[in-house]
Amino acid sequence: MNQAIEGKTGRYWHVLDDGRIQCDVCPRYCKLHDGQRGLCFVRARQGKQMVLTTYGRSSGFCIDPIEKKPLNHFLPGTPVLSFGTAGCNLTCKFCQNWDISKARDLDRIQDVASAEMIAEAASRSGCRSVAFTYNDPVIFLEYAIDVAQACRQRGIKTVAVSAGYISPEPRIEFFRHMDAANIDLKGFTDGFYKNLCSGKLAPVLETLTYLKRETKVWFEITTLLIPGENDSAVEIEAQSAWILENLGPDVPLHFTAFHPDWKLMDRPPTPPQTLRTARRIAVNAGLRYVYTGNIHDPTGQATHCHVCGSVLIGRDWYDITAWNLSMEGRCAECGTPCHGVFEAKAGCWGRRRQPLTLRAFESEPLAL
Ligand code: SF4
């Protein structure tokens, strides 16, 4: 027997001729009978409607450096209030946050937090932005959008850390409320998405081109390189060429190191040299801002001027070690603009990671 499902009314669904309800949030288009949950587990059919069962509940809050999202060209050095909920609409065998994305016990996301509380907490703790991260905000878009609206009222920016696996109509609404995004481009073949994520590549590429052509959202791309799966020179060349042709040379690209996790325990961690080689391939292809991540590599983590080669922003892990941008975000040596969202100087949050309890910021009862 199905347990009673509680949640906030969700958007983007319709009733099919056979009486089932189809969720239209992501390209899975789950078709549900009453009481059933979608693949993401957190969107469910309750009678004649779809509900979001995690609205107003989080798996925890933490203040991180913005570089950890990773975003290297968006308010560098500033703190970001990060949180997630539970569930995911992809099934990546290598998930590095599987305890959250695969959570089936929703009692574990007990941190009750209204949109107002989150925005207030970000403001009072000195965060410049709030990040929807740890699991994909696409599946909790109603909650994320309400938080984003509360943040904008206080001058706080919002960041979506997402795989970009979202349908065209909700994509428009979702990104209208975001200031920045990091999109996980998990690999560059259909086989990778099919075999390791049970998804498809095309919708992710559509999200990337949509962001570039139709929005002002600042976005960067992350690819986790898994030995033997998506790290061949041919694949990285193809991905770099596609980015250059469709998004231009100025979208930052992060190659990050895999470590064995979840259902992919039989692969070794990514050798640092693989990340450096991938970076060199992408730079040679014409991309201007390419980074290595999850390894200690100050050269691969620095932002260089693409004209004179000077270090514009130096980094040691998440610490900013050099800042050579003018007030207008130009190279201090040759005056070439560096693309991104910059202020006159970098923040000084450093590499700290500070868990946060939201109860102190409660200003009103949470209405579900
Ligand atoms: S958001 Fe969830 S319920 Fe909706 S189509 Fe995607 S996986 Fe299915």
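A search of the whole structure, which is a predicted model, finds 17 salt bridges. One of them joins R43 to E142, with the closest N and O atoms 2.6 Å apart. This pair links distant parts of the chain, since R43 belongs to strand 5 (residues 43-46) and E142 to helix 3, 99 residues apart. Both R43 and E142 are buried.

A further salt bridge is formed by the side chains of E120 and R154, at 3.0 Å from N to O. Here E120 lies in helix 2 (residues 115-124) and R154 in the loop between helix 3 and strand 12, 34 residues apart. E120 counts as partly exposed because its relative accessibility is 21%, and R154, at 29%, is likewise partly exposed.

R267 and E229 also form a salt bridge, their closest N and O atoms being 2.3 Å apart. R267 lies in the loop between strand 15 (253-257) and helix 8 (272-285), and E229 in the loop between strand 14 (218-225) and helix 7 (233-247), so the pair ties together parts that are 38 residues apart in sequence. R267 is partly exposed, with a relative accessible area of 22%, and E229 is partly exposed at 23% relative accessibility. Salt bridges that share partners join E116, E120, R124 and R154 into one network.

Attention now turns to the interior. In soluble globular proteins, nonpolar side chains tend to be buried together. The largest nonpolar core of this model has 89 residues, of which L81, F94, I118, V130 and F175 touch the most other members. Helix 3 (residues 141-153) contributes the largest share of this core, 8 residues. Apart from it lies another core of 10 residues, including I66, A131, V159 and W218.

V130 has contacts beyond four places away in sequence that include L81, I118, V147 and T158. T158 is located in strand 12 (residues 157-162). It counts as buried because its relative accessibility is 0%. A polar atom of the T158 side chain lies 3.1 Å from the backbone oxygen of H177. Strand 12 as a whole is mostly covered, with 5 of its 6 residues buried.

Strand 12 also has strand partners. It runs parallel to strand 11 (residues 129-132), to which 4 bridges join it, and F132 stands opposite A160. Strand 13 (residues 180-184) is likewise parallel to strand 12 and joined to it by 4 bridges, with V161 opposite N182. Strand 11, helix 3 and strand 12 make a right-handed β-α-β unit. Strand 12, helix 4 (residues 168-176) and strand 13 also make a right-handed β-α-β unit.

Technical notes. Residues numbered from 1 in each chain as written. Predicted model: local features only at pLDDT ≥ 70, side-chain atom pairs only at ≥ 80, totals over all residues. Heavy atoms only, no water. Core = buried A, V, L, I, M, F, W, Y, C linked by side-chain atoms within 4.5 Å. Buried < 20%, exposed > 50% of the residue type's maximum accessible area, 1.4 Å probe, protein only. Helix = DSSP H or I, 4+ residues; strand = E, 2+ residues; numbered from the N terminus. Contact = heavy atoms within 4.5 Å. Polar contact = N/O pair within 3.5 Å; in protein donor to acceptor, adjacent residues only side chain to side chain. Pairing = 2+ DSSP bridges. Right-handed = clockwise from strand over helix to strand, strands pointing away. Salt bridge = Lys/Arg side-chain N within 4 Å of Asp/Glu carboxyl O.
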